[in-house]
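Okay, everyone, thanks for coming. Let me put the structure up, and then I'll talk you through some side-chain pairings.

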Amino acid sequence: MKKWKILNKKDMSPSKWFPIERHTVEMHDEKIVDDFYISPLGDGVMTLPFTKDNKIVLIKQYKHGFGEITYDLPAGFTQVGKSVEASALAELEEETGIIATSSDLFFLGKFCNVPAKLKHTTYSYLVRNVCFNGVQKLDDCEEILVETQEPQKVISMIKENIIMKSDVVATIMKAYLEFPELFI
């Protein structure tokens, strides 16, 4: 097994909000495919915040591509000129009003979503002992409700398909595996 070779790529993006590239690739068996489309969305960041009384901070917001209001974790794209960690902290503050520092972050892992068609990696972090010490700074197209839940309730919400975004589930379950004591 080997990686495909990109022979050509062309930007076909309909807007800056949804990048699309058309690739001509040579597959492992030397077959040429001249119309393989991907979306190079860019990398994202996500935090799993636990309050001082060990509740998980969740956000609720409408996701237009899915057409539903979903439970999520504070997340967004990496920001131009900022490191992955600084981007994670900025998104945490913007979406929840929680101000933390890089020393508060514990790297949980990186997750890929729809890797056949998206070039997008989510870098996830655990943040403990947070408090609501700032104000939300939402983008113009964001409406976010913030709530806290007991960790076992969050696990139940995953089991019941109430929480179903793949990178959110992956982040929570990775924390559950690495820090089971937080979910008692």
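I'll go through the salt bridges, then the cysteines, then one glutamine.

Quick housekeeping: this is a predicted model, so local features need pLDDT of at least 70 and side-chain atom pairs count only at pLDDT 80 or more, while totals for chains, interfaces and linings use all residues. Residues are numbered from 1 along each chain as its sequence is written, and side-chain values use heavy atoms, with hydrogens and water left out.

Side chains of opposite charge can pair when their charged atoms come close. My cut-off is a side-chain nitrogen of Lys or Arg within 4 Å of a carboxyl oxygen of Asp or Glu. By that rule we get six salt bridges, and I'll show you some of them.

Start with lysine 63 and aspartate 72, where the closest N and O atoms are 3.5 Å apart. For burial, I call a residue buried under 20% relative accessible area, exposed over 50%, and partly exposed in between, using a 1.4 Å probe and protein chains only. Aspartate 72 is buried, at 2%, whereas lysine 63 is partly exposed, at 27%.

Next, glutamate 93 and lysine 137 form a salt bridge, 2.8 Å from N to O. Glutamate 93 sits in helix α1 (residues 84–96) and lysine 137 in the loop between β9 (121–130) and β10 (145–149), so this pair ties together parts that are 44 residues apart in sequence. Helices (H or I, at least four residues) and strands (E, at least two) are DSSP runs here, numbered from the N terminus. Lysine 137 is partly exposed, with 44% relative accessible area.

Then there's glutamate 178 with lysine 174, at 3.5 Å, N to O. These two are four residues apart in helix α3 (residues 166–178), so about one helical turn separates them. Both come out partly exposed: glutamate 178 at 36% and lysine 174 at 28%.

Cysteine 112 is exposed at 52%, and cysteine 131 is partly exposed at 34%.

Last stop: glutamine 79, in the loop between β7 (75–77) and α1. Is glutamine 79 buried or exposed? It's buried, at 19%. Leaving aside neighbours within four places in sequence, glutamine 79 is in contact (heavy atoms within 4.5 Å) with Ser87, Ala90, Glu91 and Glu94.
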